[in-house]
Structures are given as C-alpha cells and as structure tokens.
Amino acid sequence: MMIFRNLSQEDITLDLATKGKHSALSKIAVKIARRTGLDDREVLRGIWRRERLGSTAIGRGIAVPHALLRSISSPVASFTRLAPPIDFKSTDLDPVDLVFTLLWPRSEARTSLPALSQLFRLVRAPLIREGLRLAQSPEEVMAILESEAGRSTRSQRGPTALEGWR
C-alpha cells in the first residue's frame with residue numbers, strides 16, 4: 001500500500017493541544033492550507049461539510065476527517081496526534097487522539113472510497129495504533145507508516161488509489 005508515499009514530516013503534527021473538535025479541525029485545516037497553498041477556510045468548510053453528515057471518528061481513538069474539493073488535482077493527507085484526546089462523537093465513545101485528514105479531488109471522487117478503505121485496514125492493526133501513540137518524532141511516525149505500507153504493498157497487485165498522496 002502506497003498511502004503515505006508522498007507524506008512528509010511537515011505533514012505530521014504530534015501532541016497538538018486543542019479545546020475540542022472544532023479547534024482541532026481548524027488547526028489542522030490551517031496547517032494543511034499553509035503546506036499546500038490552499039485557502040484554510042475552504043479546507044475547513046469541506047471538512048465540516050462532511051463532518052455534519054456524521055462523525056468521521058471510526059473508533060479506537062481514530063478519526064478520518066475528509067473532504068472532496070474542486071480546487072485540488074491530487075490527494076492531500078496529514079497525520080495529527082492530539083494531546084490530550086478529544087470527544088469526536090465516536091460510536092464507541094472513545095476519545096480521539098489519532099487524526100488522519102484527507103482531501104480528495106472532486107474529479108477523482110470514485111477513488112476516494114478505496115483509499116479510505118485502505119487507510120481503515122491499516123489502522124485496524126493494534127501495533128500500528130500503539131506505535132503511532134508512542135512515536136517521539138515525525139520520523140518515527142514516518143517509519144511506522146512506511147513499514148506497514150511496504151508490507152501491504154508486497155501483498156497487493158498493481159498500483160493503489162493512494163499513490164498520488166502528498
């Protein structure tokens with residue numbers, strides 16, 4: 001799996017302090033916007049548009065806020081670890097501390113669901129979640145994600161929907 005092939009250390013934030021869900025998503029949107037040259041209000045509006053349909057918390061302390069945007073031509077991803085964890089209205093009621101934020105080109109919407117599915121399979125592994133929670137640096141996060149991505153790639157046939165992530 002090539003989910004994080006283009007993810008850089010600048011796309012990783014560890015121990016972000018927030019006052020809640022809105023604060024967390026706002027800070028994440030600003031960081032993504034600065035990194036990509038997008039408008040932070042557009043990023044936040046897109047994420048909230050999806051979040052209003054139902055929480056993007058998937059359980060076990062993980063949330064995957066995501067949005068389809070017309071203004072991008074390739075997927076954008078970031079990883080944020082929150083400290084302390086926050087209420088994200090998860091169905092399992094666990095507070096969220098691991099946030100994978102995904103922005104997808106609206107023109108490529110058909111590839112977003114397989115990409116989300118791959119991410120969900122990745123974070124289903126307890127050792128991955130624990131490693132991400134204990135990582136001391138963006139480099140460690142990258143090593144964890146790349147290690148698992150390499151294992152998954154060897155078991156797949158052909159390119160994945162996420163090869164263009166940055």
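Start by selecting α1, which has 16 residues and spans 22 Å from first C-alpha to last, close to the 22 Å expected at 1.5 Å a residue. The expected span is 1.5 Å times one less than the number of residues. Helices (H or I, at least four residues) and strands (E, at least two) are DSSP runs, numbered from the N terminus. The model is predicted: local features need pLDDT of at least 70, side-chain atom pairs count only at pLDDT 80 or more, and totals for chains, interfaces and linings use all residues. Residues are numbered from 1 along each chain as its sequence is written, and side-chain values use heavy atoms, with hydrogens and water left out.

Next, within α1, colour the buried residues: K21, S23, A24, L25, S26, I28, A29, I32 and A33. Buried means under 20% relative accessible area, exposed over 50%, and partly exposed in between (1.4 Å probe, protein chains only). These buried residues pack against β1 (12–16), α2, β5 and β6. Contact means heavy atoms within 4.5 Å. After α1 comes G37, with a positive phi near 85°.

For the contact itself, select K21, H22, L25, S26, A29, V30 and A33 in α1, which meet D40, V43, L44, I47, W48 and E51 in α2. By class, the contact has eight nonpolar, two polar and three charged residues. Ala, Val, Leu, Ile, Met, Phe, Trp, Tyr, Cys and Pro count as nonpolar, Asp, Glu, Lys and Arg as charged, and the others, Gly among them, as polar.

Most residues other than glycine have a negative phi, and most peptide bonds are trans.

- R60: phi is positive, near 60°, in the loop between β2 (57–59) and β3 (62–63). R60 is partly exposed, at 47% relative accessible area.
- L93: phi is positive, about 65°, in the loop between β5 and β6 (96–105). L93 counts as exposed, at 73% relative accessibility.
- A83 and P84: a cis peptide bond joins them, with omega about 0°. P84 is in strand β5 (residues 76–86).
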